[in-house]
Amino acid sequence: MTQNPLLAVEDLRVDFATPKGLVEAVRGVSFSLGREKLGIVGESGSGKSVTGRAILRLVRPPGRVRAKKLEFDGTDLLGIDERAMRQIRGRHISMVMQDPKFSLNPVMTVGQQIAEAYRINGKGARRETKRRALEMLEAVRIRDPERVYRAYPHEVSGGMGQRIMIAMMLIPDPDLLIADEPTSALDVTVQLQVLAILDDLVTQRGMGLIFISHDLNLVASFCDRVLIMYGGQVLEVCDAKRLNEAKHPYTRGLLNCLPRIEAGSSADLPVLRRDPAWLDQGV
Amino acid sequence: MIRVEDLNVSFGHGAAAVHAVRGISFHVAAGESFGLVGESGSGKSTVLRALSGLNPDWSGQLAVAGQTLGRRRDKAFYKQVQMVFQDPYGSLHPRHTIDRILAEPIAIHGMDEADRRISRALDEVGLGPQFRYRYPHQLSGGQRQRVAVARALILEPKILLLDEPTSALDVSVQAEVLNLLRRLKAERDLTYILVSHNLAVVAHMCGRLAVMNHGAVVEEMSVAQLRAREPAHPYTQQLLTASLGYDRAAIDRFEDFTATA
């Protein structure tokens, strides 16, 4: 896996020039991804979402992306032109964004949008497209796919919108899916059912998955490996199954401040004390 | 302290009516923390809104501190019962300073010593005097939620209704706000109803809880029973399994409870 990774990222840096000075959102992130589930965990502002967007070159000016290496399946993503990049987006790498309200087109029906995503593969008669779209909606546990197919985004709930986005991103059969908090608006049971669909795609079709989340427990139980991000850097990489043995005080602090069902409720929750030195401890 | 009997809430009329809460009953003793747990659309927030007087279209019996509640509530009620909302970005007026946000309930209730009360309220929720003349956009999510708690407590209520108070916050900030809520409860002998979809938060904060699905309470139990993983109802068991993390095999056994409630 390490000889031929699906995605190789080396020293990724993203900064934004603002009137108040340069904001460095990502400061030297490196990792490689095989056909596995990689979790990126961090709090708001840690740079995890910007990392995901930078891979797809979705960071707009004044944002600036630099990297020693950003390679997908042998293609240098920073070297190709916009036209070639469009060939990759959707078809080879797709991304589920956090907020369906801002990511679905409000004046197109759900069905039209999913069909559009399917047709970027260049194939499919109209009837076939619709059949596949309905199938995909059903796969993400939408109970009445025919109704939802004809509905506009404002006519569906937030949780359903999120599932529609997932259906849309999966229908072109991508090699790599970047999922940015894809299930945070869903109820726990539906959340797990949607994750099971992604899980099966990774194990059966060999898709690579980058799962961006703030939920440590979920990532620990769902992913294979986890990157812990803080202040735009990766503080620690560990096996998801061994997240509980994580060494960095930040990771430990995050784990400790979670309330637990089993624990006694007599004591206060430990509070995370941030050490300024963490900002320069990236791996 | 709080008595809810056969509460029903519906929205809309005729065929389009949605029966959001279907005849639920529960009691909360003074000084207790009671959790209301359920998935989205289960009606848990609607119960809170009916209780707080935000939603007048309900039937059944509601009583607080021995007094039966009508559809309209007087000032005395709001001095006793206050609410903290889920979204700290939406629940504070964006163009009012923290000082003005906290001064408003004092003015409405004609209380004296506004200045002293405001600085004390800020102090109690762990915000220093430097926050007093700032605007909400100058505060982080956790700081805003502290302001919302300060606003609720400034009238010295006996009951706090908490609607997902930490679900919009990072876990490290959630821990701070939960600790704050527990400390204030102990200091002021408050009674809480906490609505949450997060079983771990409810287990940490409450002594008893009711699990709601599709507008009805499927089960009421103690947190000790929840910890021992002994819920009686299969819906609660499934919720508990799901809360413990991702387990591919367990997911295949999940049932759909929405239609059967």
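**A helix pair and the sheet beside it**

Tutor: In chain B, α3(B) packs against α5(B) at an angle of about 25°, and their axes are 8 Å apart. That angle makes α3(B) roughly parallel to α5(B); angles under 35 degrees count as roughly parallel, over 145 as roughly antiparallel, 65 to 115 as roughly perpendicular and the rest as oblique. The model is predicted, so local features need pLDDT of at least 70 and side-chain atom pairs count only at pLDDT 80 or more, while totals for chains, interfaces and linings use all residues. Residues are numbered from 1 along each chain as its sequence is written, and chains are lettered from A and ligands numbered from 1 in the order in which they are written.

Helices (H or I, at least four residues) and strands (E, at least two) are DSSP runs, numbered from the N terminus. Axes are lines fitted to C-alpha atoms, for helices over the stretch in contact, and angles run from 0 to 180 degrees between N-to-C directions.

On the α3(B) side the meeting residues are B:I98, B:I101, B:L102 and B:P105, and on the α5(B) side they are B:V147, B:A150 and B:R151. Contact here requires C-beta atoms, placed from the backbone, to lie within 7 Å. By class, this contact of α3(B) with α5(B) has six nonpolar residues, no polar ones and one charged. Ala, Val, Leu, Ile, Met, Phe, Trp, Tyr, Cys and Pro count as nonpolar, Asp, Glu, Lys and Arg as charged, and the others, Gly among them, as polar.

Helix α3, residues 98–108 of chain B, also holds B:D99. B:D99 is partly exposed, because 17 other C-beta atoms lie within 10 Å (20 or more would be buried, 12 or fewer exposed, with C-beta atoms placed from the backbone). Leaving aside residues up to four places away in sequence, B:D99 touches B:I118, B:R132 and B:Y133. B:I118 is 19 residues from B:D99 along the chain, with 7.1 Å between their C-alpha atoms.

Next comes the sheet. Chain B has six strands in an open sheet with mixed pairing, in the order β6-β7-β8-β3-β9-β10. β6 (81–84) and β10 (216–222) of chain B are at the edges with a single partner strand each, so one side of each has no neighbour in the sheet. On average, neighbouring strands of this sheet are turned by 20° against each other, direction ignored.

Two strands pair if DSSP finds at least two bridges between them. Strands β3 (residues 33–38) and β9 (residues 208–213) of chain B pair in the parallel sense over five bridges. One example is B:F34, whose bridge partner in β9(B) is B:R208.

Helix α1 (residues 44–52) of chain B packs on this sheet and touches β3, β6, β7 (159–163), β8 (191–196) and β9 of chain B. The direction of α1 makes about 150° with that of β7(B). Helix α5 (residues 141–153) of chain B, the partner of α3(B) in the pair above, packs on the sheet too, touching β6 and β7 of chain B. The direction of α5 makes about 170° with that of β6(B).

How values were computed
Contact = placed C-beta atoms within 7 Å.
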